[in-house]
Every structure is written in structure tokens, then in C-alpha cells.
Amino acid sequence: MAKLDLRVRLLGRVLKRFSVAGKSEARIRAEQKLSVRHNPVTDFMLGGLAAGVDVINDTAAGSGARIPVRIYRPAQNAETLPLVVFMHGGGWTFGTLNVYDGIASTIARDARAVVVSLAYRLAPEHPWPAAVEDCYAAMLEVSERAAEWAADARRLAVVGDSAGGNLAAVLTLLARDRSGPALSFQGLVYPATDLTMGSASIEENANAPMLTKQDMLRYRSLYAPQAEDYTNPCASPLLAPDHSRLPPALIQVAEHDPLRDDGLRYADALRAAGVPVRVTTYVGMPHGYLGFPRVFRSAPQALAELAAELHRHLAPENVLHPRPEGA
């Protein structure tokens, strides 16, 4: 493997102090209440809002109460644009709309799309399948309300990173099996696809910066406290019995990531089922690189690739919907 560069190693050392592995549920719940606000330091680290993007705060249906959502639209663009539903990472336990403003707004600007970012309910207070059902319910409402934001729900994609990549993959299964909405593309960034933790890269990168095996075990225990749920396809989309009739995918993985093989194995499963897949392995990169565009050298390239693939697959002439059952 390529060596980790100095910036990766230094940030990894700093963030190791905040590892979830040793945190109690009480501390996690307390930290979830903290607000990450925009300021020069956080915007430098996380990217901040992309220039030329309008932002609207709203709510959408969850599986119970409504959940906050944030809509990003390229400014001064009168066209009807494709629609992207975005799920943030954070081990189903952390992550906020503010933290992901940089990624979501950059996708909106560069893919020329309306992006709706979902603040789904978090574990441990809301364990699996709360996040899944929140995201599916929100996706249904967002697709129905697309015209409010001059978006075209017939050109609909899901995107997520890490835990959000897990949720995005699960949504494609649910959209197929629950008869909609039709999805044209899925963008999965270092996704978690197998909660049984059967990927060899988990041991290979057990002590990698940004995410360790012990972190993964802790996140899993918080999100899915019942071991019998690990094999449910709505928790582990890799273990679904059928991956056919799913939308084309871009799967990005990081070389120094315990979750690397989760993404690669999922790509293999999609290909075996006849789903078009593009896979990119970002060498020398750790888990979470996309969230630090000014720190990790591959983040701008990865974001550009994601935006380009979204733009290509959501162009009116290229939209492909999975065939209905029995077609």
C-alpha cells in the first residue's frame, strides 16, 4: 500500500483523542447535543459552504416525527435540475447538517443538482432501523416535493459516505422492493455494507487513522445492539439475496480504511447482478478523507469524480430506471 502522508498521520493522531471506542453512551448523548457552527477554523477543515449555492432549511417526514433537512441549489440557475438525496456519515451516531455543508453544497454546485441533506435520527437513542426508515420516508416526501425546488424527481439519486453510504445502499434496495421511488444513480463513498464485519481489510487496517476496528465495533454496538440484526439486508446491504435491478453506482474507497473491502465486495455483488459500477480506490487515503478537502490531497478529486458521475447519470438522455418486477 502507498504510505500515509504526514497530514494524514498528524490529523489521525489528533482525532484519535476523540475516538468513539472508549466513550460511554452518556458521553455520546452529551456530545450529540453540541453544535458545530461555521467559523474560519471549521470551514477551513471541513470546506464550508460552496460559493454560488442557495440554502433552504426545511423538514421532511421521518418514520415518526419530521426530521430536519437542508436543500442546496445552484444560485441563479432557472433550469429544472436533477434531485440528489444525501445521507451523512458518522457511524449512525454523529454527524450534522452543518458538518456536511461543504460536501453537500459542493455536490449541488458541481453536479448542477438540487441536493437535499437528511438529518436522520441517531443511535444510541434511536437504534436500527430508525435511521433507515427515516431516510426512506424522507426520500419519498422529498421526491414528491421536488417541484418546490425546481427539481425533477424522475432524475433522482442517493449519495452517502460511510454510515451514510450504508443508508444510501439500503435505500436502493427499499426503493426497488417497495415499488419506488425510481432511482437513477447511487454514489457510495467508503460505505459500510456488512455489519458482520467479514471484510479482510478490517484486520489489515485495524489501527488505521480516522477509523479503527475498535471504533467500528463500538459504532455497531450503538447502532445495532442486537446481533441477530447484523445479517438483515437493511443493515448489511451486501447480504441482500438479490442485487439485481438496482441503479448504476459509483463506489469510492480508501486504501487505508478498515471499510475498504466492504465497498469492493459490494461492487462485486452489484456487477454479478448486472448493475453498472465504477470503482475508484484512493491510494494513500484513510477513511473519512472526503470531509477534509483542504487537508487530504485526494478529497477534491474524489468530490469532482462524484459530481461528474452524478451529472452524467442524471442527464435526461442517460437516466436509466431499474425494470419493474417481472418486466
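Q: How do you know that the length of helix α10 (residues 299–313) agrees with its number of residues?
A: The expected span of a helix is 1.5 Å times one less than its number of residues, and for the 15 residues of α10 this gives 21 Å; the end C-alpha atoms of α10 are 21 Å apart, so the two values agree. Helices here are DSSP runs of H or I with at least four residues, strands are runs of E with at least two, and both are numbered from the N terminus. This is a predicted model, in which local features need pLDDT of at least 70 and side-chain atom pairs count only at pLDDT 80 or more, while totals for chains, interfaces and linings use all residues. Residues are numbered from 1 along each chain as its sequence is written, and side-chain values use heavy atoms, with hydrogens and water left out.

Q: Which residues of α10 are buried, and what covers them?
A: Buried means under 20% relative accessible area, exposed over 50%, and partly exposed in between (1.4 Å probe, protein chains only). In α10 the buried residues are Ala299, Ala302, Leu303, Glu305, Leu306, Ala307, Glu309, Leu310 and His313. Their cover includes the strands β3 (81–87), β5 (151–161), β6 (185–189), β7 (249–256) and β8 (277–286), together with helix α4 (101–111).

Q: What makes the protein chain as compact as a globular protein of its length?
A: The chain has 10 helices and eight strands. Its radius of gyration is 18 Å, close to the 20 Å that the globule rule gives for 327 residues, so the chain is as compact as a globular protein of that length; the radius is taken over C-alpha atoms, and the rule is 2.2 Å times the number of residues to the power 0.38. Of the 327 residues, 58% count as buried.

Q: Which residues touch the most other members of the largest nonpolar core?
A: Such a core is a set of buried Ala, Val, Leu, Ile, Met, Phe, Trp, Tyr and Cys residues joined through side-chain atoms within 4.5 Å. The largest has 67 residues, of which Met87, Val116, Leu118, Leu167, Tyr223 and Ile251 touch the most other members. Helix α6 (residues 163–177) gives the most to this core, with nine residues. Apart from it lies another core, of 35 residues, among them Tyr72, Ala104, Met285 and Val295.

Q: Why is the pair of Lys213 and Glu203 called a salt bridge?
A: The term requires a side-chain nitrogen of Lys or Arg within 4 Å of a carboxyl oxygen of Asp or Glu; the closest N and O atoms of Lys213 and Glu203 are 2.4 Å apart, so the pair qualifies. Lys213 lies in helix α8 (residues 213–223) and Glu203 in helix α7 (residues 201–204), 10 residues apart. At 24% relative accessibility, Lys213 counts as partly exposed.

Q: What separates Glu25 and Arg29 along helix α2 (residues 25–32)?
A: Glu25 and Arg29 are four residues apart, which means about one helical turn, and their side chains meet in a salt bridge at 3.7 Å, N to O. Glu25 is partly exposed at 37%, and Arg29 also counts as partly exposed, at 32%.

Terms used: Contact means heavy atoms within 4.5 Å.
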